[in-house]
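The sequence and the coordinates are shown first, for reference alongside the text.

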Amino acid sequence: MRGRLASFVVAAVVSRAVYEGLRGRVAGGRVADGGVPPVADGLVPPVADESAFAVVGGSVSPVGPGSGSGGRWTRVNHGGRVVDLCAGPAVALGAAVGAGSGPAAFAVLAAGACGAYDDVKGDSRRGFRAHLTALRDGEVTSGAVKLFGIGAASLVAGALLKERAVDRVLAGVVIAGTAHLVNLVDVRPGRAGLAVLALGAPGLPRGAAAAAPMGAVTAVLGDDLGERTMLGDTGAHALGAAVGSAIAAGNGRLGLAVHAAGLIAAAAWGERETAARAHPSG
């Protein structure tokens, strides 16, 4: 019990400290660059000119003379509120520090790094098929970087967590699949965070590994639900990899196979829904 509590607290404290530090820097950068005032206490900064925003990675981001460091760290969410992306790197670092496991920390940081690349360089294309098609045509999209980067890192982490080849592959699938699943549900404020809590809770009796992502997301969940920040791909993938690592560490071959099958089914469903939205019938 002490190990789980310590892991939860460490992850929460680190995540909150990093989050507050990043928010301070983003706020200062936005004002210094002549941008809009910092987002604080749930208040939405006034937007004088909609042309000052551009679509980046499927979201809307300030661009132009006032974008500066603050613009790179802000988005407009589905409800039209300006939010920052500070929660993502914060929970990635918090979950990695609190993991208490080298392989898990590696998977979390690698997934977070790939997600951060997509947050910065992403485009509007969605779904594995779109990114693989672009790759076939010679274009390496941010989605392809996530697909292969997180997949490779997950297999490495799985190989370090398990001894037998089959178990290593299954563990890698579980880690990568959970990272994808958490990102898949991250479509509204707080949904990814609540999913992490729901997925991690059953693993708490088996050890401390699940406590780290739960502590990390708890530290920023209120701000996420309050639409002051968002996890972005950085946070969603990192937290998912952390939960996936906990599942992989706490299950034998049968449990790994069941989880892997469920995650593959969820990924297939998500791909089908993405294709349906991209090509609506009628």
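**Overall make-up**

The model is predicted. Its protein chain contains eleven helices and four strands. Of the 282 residues in the chain, 45% are buried. Among contacts between residues at least 6 apart in sequence, 68% join residues at least 24 apart.

**The cavity**

One cavity of 30 Å³ or more is present in the structure. The volume of the largest cavity is about 50 Å³. Its lining consists of A95, A99, A104, V108, A209, A212, P213, A242, S245 and A246. By class, nine of these lining residues are nonpolar and one is polar, while no charged residue takes part. Three helices, α4 (102–121), α9 (211–225) and α10 (232–250), each contribute at least two residues to the lining. The largest share, three residues, is supplied by α10.

**The nonpolar core**

The largest nonpolar core comprises 45 residues, among which V220, L231 and L239 touch the most other members. Helix α10 gives the most to this core, namely eight residues. As a general background, nonpolar side chains in soluble globular proteins tend to be buried together.

V220 itself is located in helix α9. Why does V220 count as buried? Its relative accessibility is 1%, and the cut-off for a buried residue is under 20%, so V220 falls in the buried class. Residues up to four places away in sequence being left aside, V220 touches R16, Y19, A87, V91, T229 and L231. V220 and E20 are separated by 200 residues in sequence, yet their C-alpha atoms are 9.8 Å apart in space.

**Two further buried residues**

K146 belongs to helix α6, which spans residues 142–161. Is K146 buried or exposed? With a relative accessible area of 12%, K146 lies under the 20% limit and is therefore buried. Which side chain makes a polar contact with the side chain of K146? The partner is H237, at 3.2 Å. Beyond its neighbours within four places in sequence, K146 is in contact with C114, G115, D118, G151, N183, D233 and H237.

S7 is placed in helix α1, residues 2–32. S7 has a relative accessibility of 6% and counts as buried. Apart from residues up to four places away in sequence, S7 touches G98, A208, A211 and A212. Of these partners of S7, A212 is also one of the residues that line the largest cavity.

| Residue | Helix | Relative accessibility |
|---|---|---|
| V220 | α9 | 1% |
| S7 | α1 | 6% |
| K146 | α6 | 12% |

**A backbone feature**

E227 is found in the loop between α9 and α10. Its phi is near 60 degrees, a positive value in a residue other than glycine. For context, most residues other than glycine have a negative phi.

Helix α9 supplies at least two residues of the cavity lining and holds V220, one of the residues that touch the most other core members.

Notes:
Residues are numbered from 1 along each chain as its sequence is written. This is a predicted model: local features need pLDDT of at least 70, side-chain atom pairs count only at pLDDT 80 or more; totals for chains, interfaces and linings use all residues. Side-chain values use heavy atoms; hydrogens and water are left out. On a 1 Å grid over the protein atoms alone, a cavity is a set of points where a 1.4 Å probe fits but cannot get out, and a pocket is an open set with protein on both sides within 12 Å along at least five of seven lines; lining residues have an atom within 4 Å of a point. Grid points are joined across faces, edges and corners, and a volume is the space filled by probe spheres set on the points. Ala, Val, Leu, Ile, Met, Phe, Trp, Tyr, Cys and Pro count as nonpolar, Asp, Glu, Lys and Arg as charged, and the others, Gly among them, as polar. A nonpolar core is a set of buried Ala, Val, Leu, Ile, Met, Phe, Trp, Tyr and Cys residues joined through side-chain atoms within 4.5 Å. Buried means under 20% relative accessible area, exposed over 50%, partly exposed in between (1.4 Å probe, protein chains only). Contact means heavy atoms within 4.5 Å. A polar contact is a pair of N or O atoms within 3.5 Å; within protein, one must be able to donate a hydrogen and the other to accept it, and residues adjacent in sequence count only if both atoms are side-chain atoms.
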